[in-house]
Amino acid sequence: MNEIERKDKQYVWHPFTQMKGWLDNPQTVIADAQGIKLVDTDGREYYDAVSSLWVNIHGHRRPEIDQAIIDQLGRVAHSTALGLANIPAAEYAEQLVRVAPEGLTKVFYSDDGSTAVEVAIKMAFQYWQHKGRAAKKRFVALEQAYHGDTVGTVSVGGIDLFHRVFKPLLFEPFHIPSPSCYHCRLAENPQTCGLACAQALEALLAEHHEEIAALVIEPLVQAAAGMLMSPPGYLAKVREFTQKYEVLLIADEVATGFGRTGKLFACENEGVSPDLMCLSKGITGGYLPLAATLTTDEIYQAFLGDMAEKRTFYHGHSYTANQLGCAAALASLKIFADEQVIAGLEPKMAAISTKLAKLRKQEHVGDARQCGMIAGIELMQDKENKIPYPWDQTTGAKVCMKAREYGIFIRPVGDVVVFMPPLCSTVAEIEHMLEMVYRSIDEVTSQGKTAASGGGAHF
Ligand SMILES: *Cc1c(COP(=O)(O)O)cnc(C)c1O
């Protein structure tokens, strides 16, 4: 164990991590990075095949983003957004509105995905108060949803393993079925069901819309749930029904935003404009914590008034609209435009698709699903009967530890192996990474129980 690992183990408490497992196992310490590879303190290289937990977009140490941050450091690193404006925050807000789905015209900054969604929830709630519809104060969330770790966002979450313990602290939303065909409990045949999951939503809204402020959804991909993907047309139906019943639509694009689904934003895939859109993760290209909640003129206007009218949105953070983060975000968006990043994804997505077809044939791969540059490979003990491995065997984590031996850094969500490489990955790199994933799954699942453990983490 090197000195840094010792200090880490003595002082650092890691997120989503059973620290007993962490302490009992050797851990990798990252010292360096280049392109899509991370380098540890022993000089070993790892492909960053989950984009450092879904944040990295254009690779590490991108000269353009590095330079933008350095340039900004030469001016000012941070000044408060309470009572002051700043240059990169104003510039970026303009650019973001320009590329966002139509109708989203205002940008409220915060620091991370959880705060972006927290802001959206509070805005939606307060909006209806201002509109004189005070009864509209409940929310609709999807089963298996993940929107962050603050108490508000956990309230609209639905991942039992993470969220159950906090139940006494939470407000209670309405839950609707997760629209994942592979896991569907509603329909015999998802191909011919006529979107039974969406019908369940309409039934709920028809009955309860008078008391519902907003519906929160991760459009197209419920990421932390294990890359659960909704069937084509589902999101458009959600928009149609929320509009029909005067329920605000909050699109949590924290994971899906910035090109992951093959479009800049997932909502574009179904021509949907939400009332509020939450962005973080990829917003700075994976460099710095920054988030934005975008909303419409209609919602913004409802908050305007004299002080005495008490329409102010009383929410903010110390680092709101941080200059360094906004400078990185500007540079990242410029790369999207300069290099036609979205158009360049076609062959990469095709390469993922071809490789997944091969993985799907593996004996213990139940499903290998893809949405753009996102893939979820779900392991099953019994593929025929869809019987999962006992969850505490941490089969997914074992596969990921095996992959690390082959120079691939990936993280599972339970027994779903997640593949979400930086958008700048080449076709050859994608093929190599997925080939190593194939081999890791093969070795771990064919030998049944293995010794290596992933430190007990599930995220
Ligand atoms: C990661 C994530 C969040 C939370 O973002 P943090 O930056 O970790 O707080 C919220 N929503 C979705 C869809 C996410 O994937």
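A: A polar contact here is a pair of N or O atoms within 3.5 Å; within protein, one atom must be able to donate a hydrogen and the other to accept it, and residues adjacent in sequence count only if both atoms are side-chain atoms. The model is predicted, with local features needing pLDDT of at least 70 and side-chain atom pairs pLDDT 80 or more, while totals for chains, interfaces and linings use all residues. Residues are numbered from 1 along each chain as its sequence is written, and side-chain values use heavy atoms, without hydrogens and water.

A polar backbone atom of Gly113 lies 2.8 Å from an oxygen atom of the ligand. For Ser114, a side-chain N or O atom is 2.6 Å from a ligand oxygen. A nitrogen atom of the ligand is 2.7 Å from a side-chain N or O atom of Asp252. The protein buries 86% of the 380 Å² that the ligand exposes when taken alone (Shrake-Rupley accessible area, 1.4 Å probe).

The residues around the ligand (a heavy atom within 4 Å) are Trp54, Asp112, Gly113, Ser114, Tyr146, His147, Gly148, Glu218, Asp252, Val254, Ala255 and Lys281. This shell divides into four nonpolar, four polar and four charged residues; Ala, Val, Leu, Ile, Met, Phe, Trp, Tyr, Cys and Pro count as nonpolar, Asp, Glu, Lys and Arg as charged, and the others, Gly among them, as polar.

Helices are DSSP runs (H or I, at least four residues), numbered from the N terminus. Helix H4 (residues 63–73) touches H12 (contact: heavy atoms within 4.5 Å) through Glu64, Ile65, Ala68, Ile69, Gln72 and Leu73, which meet Gln323, Leu324, Ala327, Ala328, Ala331, Ser332 and Ile335. These contact residues divide into nine nonpolar, three polar and one charged.

Conventions: Axes are lines fitted to C-alpha atoms, for helices over the stretch in contact, and angles run from 0 to 180 degrees between N-to-C directions. Helices (H or I, at least four residues) and strands (E, at least two) are DSSP runs, numbered from the N terminus.
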